[in-house]
Amino acid sequence: MATRDHHQAAKKVSIFPLLSLIFFASIFFVLSVFRRTSISMPSHSQSSKTFIFKDSVGSESNVQVGSCDYSDGTWIYDPNVKFERYDNTCKEIFKGWNCISGGKSIALELIKWRWKPKQCDLPSFDPVRFLQKYRDTNIGFIGDSLNRNMFVSLFCTLKRVSSEVKKWRPVGADRGFTFLLYNLTIAYHRTNLLARYGRWSANAAGGVLENFGFKEGFRVDVDIPESTWVDAPSFHDILILNTGHWWWAPSKFDPQKSPMLFFEKSQPVIPPIPPDLGLDMVLKHMIQYLEERTRPGAIKFFLAQSPRHFEGGDWDQGGSCQRLQPLSTEQVEELFCVKNNGTNVEARLVNQHLYNALEGSSFQILNITHLSEFRADAHPSTAGGKKHEDCMHWCLPGITDTWNDLFIEHLNNVKVRS
């Protein structure tokens, strides 16, 4: 009996190492599978929406965008950073935005600030990889000069690594370029209001607007896109739109001398409405126009409002932007809080209209507003000897490079369907 018990005990001891080996091998296998699955997950972006992108070979791709809020973060200064994206020699940079050549004292310091979201990283995009990935793609920027600011940043970045470029103006574009080695086209379609507009004068025979006391102004057809981009949706695979600054521009559309007068289906909107309600009507019609006419699989972005940083008055009232450092959180709220109704409140007011209009659409919002609100130091200001300080546009190189990082981070979340 003692011998048999001893034999069984010895047998249990000899089996134990084998069982242990099997147990740890199983754990290792499970962890390996989990790790591979985790690595293959797409990187995160701002919205949870899914978009379809049709690539150069005709297959459809999902953009599965995650939960990272890129607008919540901090600007970090790195004195040793080497900015090799492009420099002030890029000929496409508008003279008024070339802060290095224009003599802005901190122009070279602007490129040493990096935006760091709290929940993730926003990497600088790789232009060579971008050209390869979006080969045979057309990208259209549609909007005012702030959209051109972003367009020029993208062009200069790509031109630095691919110099064989054809200059042309596709489908009514103000400017356009094709990078020949990749057949990738980027174009800028200038439009201030998105909708068609032009001068209006009272009819001698009288009319409904004349009955309201209007003698002259600007006719804005809320349901007709401006001719500069009317054909863009059928040409471009990726669209980036913006509008906003011209809607709060009394120097262009004086409420008394040259008001906006809105028309729908060729008839004046009666009673006449203020610009903010006109903006709502234009956004409604233009979003519908794009939803119906964009190419199959196209991705549509809408750029949130770019903030201005006038202090001490508006642009024509001695306003300036002489800051040498980004603003603090407290300073941002003081300058942009809607309740304060300050000079620069326009940005957050416009965004309210944009977000409401885009809800339920297939557009994705590029939320560049809050991260840009900190950068009161990054405008051209008096660079180049301006008569009025420019506290609306941005120096190049500068903050619109970060806008493109955000834009391309969204595009790089494209996941090809198996």
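The protein's accessible surface comes to about 20800 Å² (Shrake-Rupley method, 1.4 Å probe), and carbon and sulfur atoms account for 54% of that. Keep in mind that this is a predicted model, where local features need pLDDT of at least 70, side-chain atom pairs count only at pLDDT 80 or more, and totals for chains, interfaces and linings use all residues. Residues are numbered from 1 along each chain as its sequence is written, and side-chain values use heavy atoms, with hydrogens and water left out.

Of the 418 residues, 49% count as buried (under 20% relative accessible area, 1.4 Å probe, protein chains only). The protein has ten helices and 16 strands (DSSP runs, H or I of at least four residues for helices, E of at least two for strands).

Now find the open sheet of four strands, ordered S9-S10-S12-S13 with mixed pairing (a pair needs at least two DSSP bridges). Strands S9 (195–201) and S13 (267–268) sit at the edges with a single partner strand each, so one side of each has no neighbour in the sheet. S12 (residues 260–264) and S13 run antiparallel, joined by two bridges, and Phe263 stands opposite Pro268 in S13.

Helix H6 (residues 275–293) lies across S9, S10 (216–225) and S12, at about 30° to S10 (axes are lines fitted to C-alpha atoms, for helices over the stretch in contact, with angles from 0 to 180 degrees between N-to-C directions). H6 also packs against H8 (residues 346–358) at about 35°, with axes 10 Å apart. Here Asp276, Leu279, Asp280, Leu283 and Ile287 of H6 meet His353, Leu354, Ala357 and Leu358 of H8 (contact means heavy atoms within 4.5 Å).

Conventions. Buried means under 20% relative accessible area, exposed over 50%, partly exposed in between (1.4 Å probe, protein chains only).
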